[in-house]
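Dear colleague,

I am handing over the structure below, and my notes on what was found in it follow. Please read them alongside the coordinates.

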Amino acid sequence: MLDDNQCHHDTAKRMLDFAAVATPWHRRLWRLGTVLELSELLEAVSARALGALAESSVKYLGDVLAKRIQRDPGMGSPAERGQLIKHVNRTMQADGHDWVALNMLSQESRPVYLSRWASHLRSAETGCEPTARAIVSHILDEGYSAEATHKWLTYQVKYNKTAMQLSDLCDEAQALLNRPKVRFTVLVPLVACPPLPEDRPASWLSSSQTADWLSSWFPAAPGIRQAGGLVLEIDPGTSTRLSRQ
């Protein structure tokens, strides 16, 4: 549970707003987090090399990103942010020196972004709105759904009996993001199945393959009537994907 600091409570309330499905559109997040936006710039440079984007589009994205990096403590110390901005402001070539350097610095920032915010919050005051936006957008950009993020924040802010400051919440969030991901494989039996080609994706199972899958994983379960199945992989808190195994 957060301490009695009013600014911390206002920031937490805004974080819950950003993660709530029912939040009105004008109060939602409408931008990527800084780390993911940096990856977008690298993709834009590659797209420009293929002729899919104009130079003016890439330059606009870089100009906006440079200003954002400058005021984002999650991207490191002022000196580290200055180094990032130096690369961003140059005319990059796909897989060139500046592109590779930015890509490396971006990957280094991912596992420590919220930890840097925690250090900053322990030594300086920051506006509630930009702080909430930075924290929640980074969590969502890392693959957590809005629903899972809202549930996690609700527990930490309202029900966790351990007293914490906003900086502690950032450290907890970073620890959550750095945990190894657990993926579940789920079979969805189908009562009807469309005709499938011989070279169909491995996620689509025939009736006999579905029966074999069920008997292998649940040998004691009674058989069910089915015309096939679809195997899905689910990352808790993130998206569902078709199994490729």
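In the charge count, Lys and Arg are taken as positive and Asp and Glu as negative, while His and the chain ends are left out, and each charge is placed at NZ of Lys, CZ of Arg, CG of Asp or CD of Glu. On that basis the chain has 27 positive and 27 negative charges, whose mean positions lie 3 Å apart.

This is a predicted model, in which local features need pLDDT of at least 70 and side-chain atom pairs count only at pLDDT 80 or more, whereas totals for chains, interfaces and linings use all residues. Residues are numbered from 1 along each chain as its sequence is written, and side-chain values use heavy atoms, without hydrogens and water.

The chain holds ten helices and four strands (DSSP runs, H or I of at least four residues and E of at least two, numbered from the N terminus), in the order α-α-α-α-α-α-α-α-α-β-β-α-β-β.

Of the helices, α2 (residues 34-49) spans 23 Å from first to last C-alpha, close to the expected 22 Å (1.5 Å times one less than its number of residues). Its buried residues (under 20% relative accessible area, 1.4 Å probe, protein chains only) include Leu38, Leu41, Leu42 and Arg48, and α3 (55-70) and α7 (128-141) are among the elements that cover the buried residues of α2 (contact being heavy atoms within 4.5 Å). After α2 comes Gly51, with a positive phi near 85°.

Best regards

Terms used:
Buried means under 20% relative accessible area, exposed over 50%, partly exposed in between (1.4 Å probe, protein chains only).
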